[in-house]
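Hi,

Here is the structure I promised to pass on. Have a look, and my notes follow below.

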Amino acid sequence: MHQPLTAARVPVHSSLDDCLNIGIRWTKTNDPTALWCARLGAETWTVRVNDFPEEHLYTLFVNDEELGSFDEWPRQWSRVKDESNVSRTEPRPAP
């Protein structure tokens, strides 16, 4: 059951459009569905990959609260592979 947002739980960036239009540096996770995460101040943002094309491709969560879904990765967002999440047995990309 989805709980309604209250004044104490409203994310700083409460609009999905606001969130999609700011520059964010995302880090790849080891989670098979929530592939990307970012820290913005005290907030933790995650992006889940959905069952596309039956659903939107991505869903954004801010502090575990679903903010909304979208299909195209915003140009303002960059995805960075976090080397700390990479198994040491995996080959590293050539420079």
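The charged end of Arg 79 sits over the ring of Trp 73, 4.1 Å from the ring's centre. I count a charge as over a ring if NZ of Lys or CZ of Arg is within 6 Å of the ring centre and within 35 degrees of the ring normal. Lys 28 does this too, over the face of Trp 36 at 5.4 Å from the ring centre.

Before you read on: this is a predicted model, where local features need pLDDT of at least 70 and side-chain atom pairs count only at pLDDT 80 or more, while totals for chains, interfaces and linings use all residues. Residues are numbered from 1 along each chain as its sequence is written, and side-chain values use heavy atoms, with hydrogens and water left out.

Trp 73 and Trp 36 also belong to one aromatic cluster, along with Trp 26, Trp 45, Tyr 58, Phe 70 and Trp 77. Rings of Phe, Tyr and Trp (its six-membered ring) pair if their centres lie within 6.5 Å; planes under 30 degrees apart are stacked, over 60 edge-to-face, and the rest tilted. That rule gives 8 aromatic pairs. One of them is Phe 70 with Trp 77, edge-to-face at 5.5 Å centre to centre and 90 degrees between the planes. Both of these residues are buried (under 20% relative accessible area with a 1.4 Å probe, protein chains only; exposed is over 50%, partly exposed in between).

Thr 29 counts as buried too, because its relative accessibility is 17%. A polar atom of its side chain lies 2.5 Å from the backbone oxygen of Ala 34.

Cheers

Definitions and conventions:
A polar contact is a pair of N or O atoms within 3.5 Å; within protein, one must be able to donate a hydrogen and the other to accept it, and residues adjacent in sequence count only if both atoms are side-chain atoms.
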